Amino acid sequence: MCRSNSYLKTCCLLLLVLNFLLLGISSNDVVKTPNNNESTAIDRYQSSYIDLLENDGLVMPNLELLDVSAKSKKLLTELCDDDSILFICRVSQFHCQDCSSYVLEKAIKMFEGNSTNMKLVFFCDYEYRSLKIFLDKHPNLIGFEVYQVPIVNLPIEARTYPYFFTLSNNMVVHDIFLPDIDDPIRTDIYWNSISQKWR
């Protein structure tokens with residue numbers, strides 16, 4: 001009789017402990033698995049951080065540029081002639097064309113009423129016929145500095161998406177950023193940050 005009471009008490013105690021454990025697992029204190037939107041946002045910020053680590057601070061070689069409107073060649077150092085910072089928008093025929101259009105329009109819009117020390121420059125990589133189609137599709141590029149630049153030696157080129165970066169007159173790459181057509185708010189945050197930085 002005593003043995004069965006002891007056995008019963010042990011079983012009750014085990015059930016009570018198990019119940020507390022189950023309640024603890026189902027409580028809100030447990031770390032939640034991010035939903036798809038949270039997971040995507042985390043991935044985007046991690047990617048941005050990695051892009052910065054891989055590209056920021058690199059020294060750009062003195063590239064030869066083809067001025068699309070003047071049809072003349074010049075060296076990159078000729079653009080870095082004073083204390084202004086180049087804000088470079090990189091697009092290519094190998095990038096998603098909707099993404100390229102978004103990035104171009106966004107860059108132009110960001111520079112409306114620009115009061116920073118930055119100068120907007122477009123680095124394009126298009127073969128001749130594609131370049132003509134590209135320029136016809138974006139007439140608002142007239143008046144901006146648009147250069148044909150087939151090769152930019154930056155790791156971010158491997159991502160095959162259009163991107164932004166700034167270039168100081170010592171040819172050092174800063175503020176690398178890959179805009180996302182699905183997340184324009186992140187681009188606005190980026191612009192607010194660097195426009196304050198280079199004011």
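**Salt bridges and their surroundings**

Modeller: Glutamate 64 and lysine 73 join their side chains in a salt bridge, at 3.7 Å from N to O, where the term stands for a side-chain nitrogen of Lys or Arg within 4 Å of a carboxyl oxygen of Asp or Glu. The model is predicted, so local features need pLDDT of at least 70 and side-chain atom pairs count only at pLDDT 80 or more, whereas totals for chains, interfaces and linings use all residues. Residues are numbered from 1 along each chain as its sequence is written, and side-chain values use heavy atoms, with hydrogens and water left out.

Glutamate 64 and lysine 73 are both exposed; here exposed means over 50% relative accessible area, buried under 20%, and partly exposed in between, with a 1.4 Å probe and protein chains only. Side chains of opposite charge can pair when their charged atoms come close.

In one of them, lysine 119 pairs with glutamate 145, with 3.8 Å between the closest N and O atoms. Because lysine 119 belongs to strand β4 and glutamate 145 to strand β5 (residues 145–148), this pair ties together parts that are 26 residues apart in sequence. Helices (H or I, at least four residues) and strands (E, at least two) are DSSP runs numbered from the N terminus. Lysine 119 is partly exposed at a relative accessible area of 24%, and glutamate 145 is partly exposed as well, at 25%.

The other links aspartate 136 and lysine 132, at 3.4 Å from N to O. Both residues lie in helix α5, four residues apart, which is about one turn of the helix. An α-helix has 3.6 residues a turn, so residues three or four places apart point the same way. Aspartate 136 counts as exposed at 54% relative accessibility, while lysine 132, at 48%, counts as partly exposed.

Strand β4 and helix α5 have a further link, since the buried residues of α4 pack against β4 (118–125) and α5 (128–137), and also against β3 (85–92), β6 (163–167) and α6 (184–197), contact being heavy atoms within 4.5 Å. Ten of the 14 residues of α4 are buried, so this helix is largely enclosed by the rest of the structure; among them are Tyr102, Leu104, Lys106 and Ile108. Across the protein, buried residues make up 39% of the 199 residues.
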